[in-house]
Structure formats: structure tokens, C-alpha cells
Amino acid sequence: MSEILQTEKINLKHYEGRPSTLCVGCGHDSISKHIITACFQSGLPPQQVVKMSGIGCSSKIPAYFMSSSFAFNSMHGRMAAVSTGASLVRRDLNFLGVSGDGDTGNIGLGGFIHLIRRNVPMVYLIANNGVFGLTKGQFSAAADESSLSKSGKQATLPSLDFCALAIQAGCGFVARTFSGDAKQMVSLIQAALRFQGTAVIDILSPCVTFNNHDGSTKSFSHIKEHDRSLQELGFFSAQAEIQADYAPMEKLELELHDGSHLVLRKISDKNFDPRDKMQALQLLQNFRHSLEIPTGLLYFDDSRPFFQTTLGLVEKPLNTYTENDLKPSVEALVEQQKKFQ
Amino acid sequence: MSYIENHFTISIATVNGSGSQTANGVLLRSLFRMGIPVGGKNVFPSNISGMPTWFWIRANAKGYVGATQKAEIVLSLNPQTLLQDQELVKSGGFFFYQDHLKSEVSFRDDIVAVALPFKSLAERIQAAPKVKKLASNMIYVGILSLLFKIPQELVSKVLTQQLEGKTSAMAANQEAFAIGVKFAEENLTNLKFPYRATMQTPFQDRVLMDGNTAAAFGLISGGCQFISWYPITPSTSVVESFAAYAEKLCKDENGKNKYAIVQAEDELSAFSMVLGAGWAGTRAMTATSGPGLSLMAEAAGYAYYAEIPSVIWNVQRLGPSTGLPTRTAQGDVLSSAFLSHGDTKHILLFPANLEESFVFGQTCFDLAERLQQLVIVLSDLDLAMNLWMGPVLRPLETAYDRGLVLCEKELDQAGFHRYADSDGSGIAPRTVLGNTHPQAAYFTRGSGHNHEAQYSEKASDYEKNVLRLERKMETAKTLVPKPIVQHKNAAIGLIYYGSSDAIIEELCELMQVSLNLCRIRAFPFSAEVFDFIDSCEQVFVIEQNRDAQLKKMLCMEPACDRKKIKSLVHFDGTPISADSIAQKLKNEIAHV
């Protein structure tokens, strides 16, 4: 993965995308905005970012930020697989994917889990609104069992918890946030961009058109009311001085591979340690029984090698190899055929 | 007694998982080392152990090594198939069977049935029971070697090479071989066995190999750096061979891999990964078979409309899931050409032999990158998994064609519109990941884009784009490998492709009439194919599927004179044979 470059020449304008075509007030537009802020504040040049997505309202998001980054708006449920292929070719670039709850949890569940198992280095954002927006409001696998649809139909199947699934599949950076919480989301994305492996952020992002009514557990008002922030987060680049005047008992500093830090001040549960897998799973399980939504960093473990390392891949990007580097010599190829002669 | 030299077929019936592969391989390779043209075919069940399997060895001085319907020599070692095996023997041929089954069957009177005490001979091998069982197959190699007069030291040497590093197996196998030879010397010298393997000038520069291994060497030489796949018979060994030889040939100076192989969660993911890697700018492919191809369909359409260089190496077999995965076919021709939705069309390559399996390993990427399209290589189980002779494979001197990829400097000089036709060929230049020029990046999506890769649902943009894609297919006709045509000024012409090539020379001999020949190597069809049809009074298209799929595709082309074309199909899952096709062709001609 690349070192994230600090450059002063680039201004915020370079991070803009095309005008959004989403519904006015859509939570997803806040996600675009927060991605721009996170990348800009990180000094990450758009040319170093590759934007990936699947299909759905969520997957349109890459069109609305950083037009000078390469982008691949792929097929429904295939963001994970397409990203795996591209990431292996250009390990020096930062892959930032935006999928949705249907794209990830319904059609793309297999790809999501296997991406994590492989630990493909990328930021995997899930713009989660509980419904299929582009086909007008069918429940996704993330719809809570008790939730009501716009037409009053009740969701009857248990919802999938992407964070719990990610932890179980071996993900080392798992977080949940709310599209309305700029500070939390920006810090998480900044840290996720520095994580060497798959970083999953489940972003609750209300659908103003099909899932913002009374009885929905993914409406703005419901999420706002039930958001239980686990920590106050601060991101500090390697060069920056950590300014977080927290009591030692409340404070946790996580160092990322480039020397930057994600600093947490524990709020709701002072004993919760996101480095403890069992605690993280227990916490998610406990919250399932209440209507509350824990947000913040849920799990952190940077000990697993990322996929390029597991595969013993060269450092140099694969697409920089030429025929001279690749075509074996006649002698070498003939030597391998001796046993067939 | 007059001898029949270097002209025989042996069929060895065993149970799969019983270890006969080593023995059969040693026998086949020994004949090959004697300079005798040979071919080996494994007819096996979709099962790991306990079911019937037949290994066919054909030795033919003229080089005809395609399948035959019957064999001069049949060795029946599987009690389950004793009766069936007897039917495989050509009239006047030899049938070797296990002596303890004698009472169970009455033998045909037009064959020579010879009982052999395999069980008691096997008991003599000094080894642990498991090793003994596996090694016992070498007994029949010993017996046959003596009957055919294959030099024993040669067989022993081939066996040594085959079992290199397996010390305990080596001793038991050599012993079993010696037991077989000794038994034959003591008991079978009076048998009037007319077949002989006589030493020829040893082959120079030839290999005996399966098509999938040749493909793997070809893909390595062709610069393939990315494979994602899901294991499926009969394509599995393409990737496994690639992995084995890339380990030796494709590492950098630090011992790191210059390639990535990912075993995917399913075929749709496998091909989606290929799209990611191809889009990023590397030579990427997957290998699969019919059922896997079906799963890749959605992504194939995406490759077509978003114009992503990609390759699917499709080793055809019968389908579906619980179909007959170990039986050969050419049944995916239509589904490959039009895989996916809308007006998709893909480039197809039809390798016919070892050499082409190898060469197309580079050609497929040259075409995929030049045309920015999906190329599907259609091999088949017979070519891919059976053993064929071919030249020692050497990297092509032809340079890779990486297509129109713009670098930073080129972008400085001219503007970049991702989907704008540059020269009337329909091909639009592209950029690849890592290009940091401010104009390099573009947004990739399905078909809803204009020539600048911007989101568009305008009817005129879509229409303009698909017409350009059509122009690209016209360009493809001039770039794909041309047919191999042998014109003999005959009235009747044969069109064929892929592994059917192995029977053509023999078929011509059996027909005893002059025939024009045209072997198609690619789709879209180049103009030469239709020139060939025009030059014949009647054309028969030989193919290995029920529906005459390639014939139908020819008939879809306006340049094709449909009235002239008839088809000869073989579709029972067995390798195509010259004798069966000759019979069909004779019947057709008689009816004209």
C-alpha cells in the first residue's frame, strides 16, 4: 500500500465529484461529503485513490466525489471481487469502496465475507439504509425484524449485522457510524485509509424517500435517538502532535502502520476494549436485544497479513511489468518440458 | 508369421483410484520414446475411486492418434465391466482377463481370450499391502512389454523417471514389472501375438503432454499475471499446471511472485476479479467449464460494454452439475459467443492441438488487449486432459500486443475520451490504474455512458456506442487467427475445429475421395471461411454437439451460402473417431 502523501498544492476543489442525482436530503450525500473531508484532510491525492462500488443508490456515491480518481461502478454484489482483482494489480493505490446493505448483505454476501477472509487492503463502506432504494423500497437483509416498510409491512426475518459478520470473518478494522455524525465518520475513514487490510465501516444512512417514516428503525429520527456513541474519536497523522486531554482510564491510542494514531475517549462503556474480539461480539449481541445502536470503533486487530503478503506478491505493481520481465527464455521453458519428452 | 508393426490400439479397463495411471503412463511413454507416434486417452468417471475407467493407447506409424471405436488389444482388469470390455475388442483381436473370472462368462469366438493370473502374480510383490496394490498394475506392463517386444530396460528407465523421489513405490513397481515380464516369458511365448512395437528413429524435439499443461505454458509465455478461478473438471489442471510452472518461471529476483492466483468463492466472483485485474491493466484470465461459464454470464456482458480485456479458458465437457463432467464435448460454442445480455458478442478461439493450446495462451491476451474485449478460448476435455504429441513449446517470437494504452506523455499531447473511436476501427484508447495524469482517470460503468465515459441514458449515446462496438467486431475479423485451408479442388469440403482435427487425415484416407479442408480457429469468422464455402459444391461441418452450433453461427452470417452446408455431429461424450465420422459422411454422400 502506498504511503499517503502530504501535499500542499492540492486544494479541496480537486476532491469534488459530479453533482449528486440522489434524492434531496439523502444520507448518502453526507457520506460523499465526509469522504471528501477525510481524503482532503489526510492530504491523500485523488490520483492515489481508486473508487469502487457495486449497484444501488449507495454505489452511485463514487460519482459524487473525487472525479480525478479512477472509478469502477461494477455489478450488483461484485464490488468485493472486482476490487480484489484490481487491488492485487496496484497494491500501491488506496482502494475505497462504497457498497450498500443490499449490495453487501443480499446479493454480495459471499463476496463480502471472502474479501475479508483474504484481507484485501481496502476501505469497505456500507451505506446502510435497510432498503433497496433504486427499486423503490423492498427490505434488504439489514432491515431489523420489527421494522415497518413505507407501506406498513413488517420485516419478518432477522437482520444481518455486518459488523459482527466482519469480525467473525477475520476483519481487523470494524466500525459503525451514522451519516449525520461528521466528526466520527471522518476520523474513522481517515484511520481506515491507513489500515493494512480490509477496513469495514457500516454507515447508517437513512433513505429519505422509502425508509424515513415512523416504525422504521433506519429513519433519521430513530437513529439519532438510539445512537450510542462508544467513543469520542480523534485522528492524528504521524506528523501531528496528539492533542487529546483525556483521563488515562478513558483513553486508548491505536497506532496505524504509517505512524498515525486513532485516539479514542471511551464514553458509554468504560471497560469496552475494541482490541478484544469476544468483547466486541458480546457488545454487538447485547445491543441487538435493545433498540440502541452502538457506533464508533468496534474492533481493531492489525496482526493479520494482508492479501498481497499472503500471496507472496512482488512489491512492484503488476501492470508495470513488460514483455521483457514476463516472457520466459527459450532455455527456461524447454527445461521445464524435459519430463514430457 | 507376419507382424503388424506400430499399428495397434490397446484399451486397459481398470477401476479408478487403483493406481493404474502410473502403469498406463509408463507404457505409453515407452512407446513414445521408441519413436512411435502415440496418443493416450483416459475415459474416466466423475468419481475418485471404485468406478470403471479405461485407458486407450493408440500407436500408429502414420501418426493417426485420434480415438477408435474398438481396440486390437483389450486388457480387462475390472470384474464389473468384463462383458462390456469384451465388446471393445476388434474382430481377431486379443482379450486379456483375470483367470478367476473365467467361469462367469462365455467369450466371443472371433477373438483370442487369454486368462492371466493377476491376483496370484500380485501376491508375489514384496511390499506393504497398499503399495503392493498400486504397484501391481506394473505386472500388465511387464506382460505387454514382452508381447510387443518393447525393450525392458527402456520401460524400467521410464518408470524410474516417472516415480522419481518415491523410493518405496519405485522398488515395488520395478518388481511388479519384472514379475510380469517373467510370467510372459514362461507362459505366453507360444501365443501367436502379431503386434510389435519396433524401434524407430527417436523423436527429436517432441513432447507427449496434455492440452491443459500446454495451455499453462502458453499462458505463462503469454504474460498472464492474474488468474482467479473456481475448480471445475476438466479445466482444473490449467490453473494447477500454471501454478506449478509459474513457481519455477515467474518469480522476481527476491523470490516474490510476479503473478497472483486466487481461488474464488464461485465462478462469477472469479471472473469479476479478472475484470478488476484486466481493467487495472494486467493480463488476467480464468479457467472454467460450461457450468462455470454460465455463472460468469453477467460479468461477460459487463466486459463487453465496459470494454475490459479479459480471458476465459473454457474447457468444454458435458453438463450440467450432475451431468457427465468427465466426458468431452464442443457444446459451449453458441453460449460462449453470445454469453450474457443485450447485443453482446465475444471473440472465440478454437485450439486444435498441443501447439495451438500453447500459442493461444499469448494470442488470447494479444486480442483481448488490442480489442479491449473478452476472449473465450474453447478447448475441450479430449484435447485438454488426454495425452498428445506435439513440438517442444517455445515462447513466440511475436511481441505482445498490449493494445492502445495511453501513458502520461501521450495524454499531454492529445485529449482523452475513453470511448471515442480513434481511427474507425471501433477501438478507443484506454488508460490504466497508476496513470497520474490529471486527465487519465475515468469512471467505468456498464453501457450507460457517452464517449467521454460520463453517465448518460441518452438513446443516441447508447446507439452510437453499440454501433462502435459492432465496428470493433468487424476489426476483430481481420485480427483473429485465420482458418487453415487445404484446397484440393474437390467438390466436397469439410469444416471442423478444435480437437476434431485429430481425426481429419485419417478420415480423408478412409473416405478415399479428395476433400477440401478448412479448420476454423476463431470467431468472428474471417472472410477466408466464406471464400472456402464458396469454393466447394457442398460443405460438411464436423462438430461435437447435438445442435450443430458452429454451423448455425456460420449460417447467421450474410456472406454464408446456407444451402451448401450440412452438418456431421458427434455428441455422445466420447472423443470423436475417424471411423464413426467416415461412416456418417459416406451415408450423407450416398444420399446426395
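Is Asp421(B) buried, partly exposed or exposed? Asp421(B) counts as partly exposed, at 24% relative accessibility, where buried means under 20% relative accessible area, exposed over 50% and partly exposed in between (1.4 Å probe, protein chains only).

This is a predicted model, in which local features need pLDDT of at least 70 and side-chain atom pairs count only at pLDDT 80 or more, while totals for chains, interfaces and linings use all residues. Side-chain values use heavy atoms, without hydrogens and water, and residues are numbered from 1 along each chain as its sequence is written.

Over all chains, a search of the whole structure finds 42 salt bridges, each being a side-chain nitrogen of Lys or Arg within 4 Å of a carboxyl oxygen of Asp or Glu. The table lists three of these pairs.

| Arg194(A) | Asp258(A) | 3.2 Å |

Arg471(B) lies in helix H17 (residues 459–479) of chain B, and its partner Asp421(B) in the loop between helix H16 (408–413) and strand S17 (443–444), so that the pair links distant parts of the chain, 50 residues apart. Helices (H or I, at least four residues) and strands (E, at least two) are DSSP runs, numbered from the N terminus. Arg471(B) is partly exposed, with a relative accessible area of 36%.

In chain A, Arg194(A) counts as buried at 3% relative accessibility, whereas Asp258(A) is partly exposed at 22%. Lys338(A) counts as exposed at 55%, and Glu335(A) as partly exposed at 45%.

Chain B also holds a network of salt bridges that links Arg283(B), Asp366(B), Glu369(B), Arg402(B) and Arg430(B).

Technical notes
Chains lettered and ligands numbered in written order.
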